[in-house]
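Some notes on the fold follow, in numbered points. Please read them alongside the sequence and the coordinates.

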Amino acid sequence: MTDLWQAQRQALGAFIRQQRQRAGLSLRQLAELTSLSNPYLSQVERGLHQPSVRVLKAISDALNVSAETLLAEAGLIDAMAGGSKDASLGAPGAPVAPGARPPAVPSTEDAIRADQRLSDDQKAALIAVYRSMLG
């Protein structure tokens, strides 16, 4: 479970970094806009800290990204909703007929994360787009 949360923090940090760079902001400028410290934001971007909902809201406001997008990237929307990801693709929690074996199909997000042709930033962006399409 720890590896999953670590991967989620790293994906969130990469997504925030990508959005900050797209907005043409330095880390210091984002820190000023959010009233957060530069070192803390650096640690969030490197996946060393899981930011609170309040911090995610401040970052989303500063980057003109919806709070829902950042909450989904942080893995908080799925956790709060109690839904399983990609249930229709045989992910954990999907209904299986009695006596049938569940299909060995990875979830879409797992497949994206496992694709070694993509950079971490590309994976984070692709997952964000995928989640926004499902939303």
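1. Residues 24 or more positions apart make up 53% of those contacts in the protein chain that have a separation of 6 or more. Bear in mind that this is a predicted model.

2. The protein chain holds eight helices and zero strands. Read from the N terminus, its elements are α-α-α-α-α-α-α-α. Of its 135 residues, 37% count as buried.

3. Helix 2 (residues 27–34) packs with helix 3 (residues 38–45) at an angle of about 110°, and their axes are 9 Å apart. Helix 2 is therefore roughly perpendicular to helix 3, given that angles from 65 to 115 degrees are put in that class. The crossing of helix 2 with helix 3 is right-handed.

4. Which residues make the contact between these two helices? Helix 2 supplies L27, R28, L30, A31 and T34, while helix 3 supplies N38, L41, S42 and E45. By class, the contact of helix 2 with helix 3 comprises four nonpolar, three polar and two charged residues.

5. Helix 8 covers residues 120–134, which is 15 residues. From its first C-alpha to its last, helix 8 reaches 21 Å, close to the 21 Å expected at 1.5 Å a residue.

6. The buried residues in helix 8 are K123, A124, A125, I127, A128, Y130 and R131. As background to such a list, an α-helix has 3.6 residues a turn, so residues three or four places apart point the same way. K123 and R131 are among the residues of helix 8 that are buried, and both count as charged.

Key:
Residues numbered from 1 in each chain as written. Predicted model: local features only at pLDDT ≥ 70, side-chain atom pairs only at ≥ 80, totals over all residues. Heavy atoms only, no water. Axes fitted to C-alpha atoms, helices over the stretch in contact; angles between N-to-C directions. Helix = DSSP H or I, 4+ residues; strand = E, 2+ residues; numbered from the N terminus. Parallel < 35°, antiparallel > 145°, perpendicular 65-115°, else oblique. Left-handed = near helix turned anticlockwise from the far one by under 90°. Contact = heavy atoms within 4.5 Å. Expected span 1.5 Å × (residues − 1). Buried < 20%, exposed > 50% of the residue type's maximum accessible area, 1.4 Å probe, protein only.
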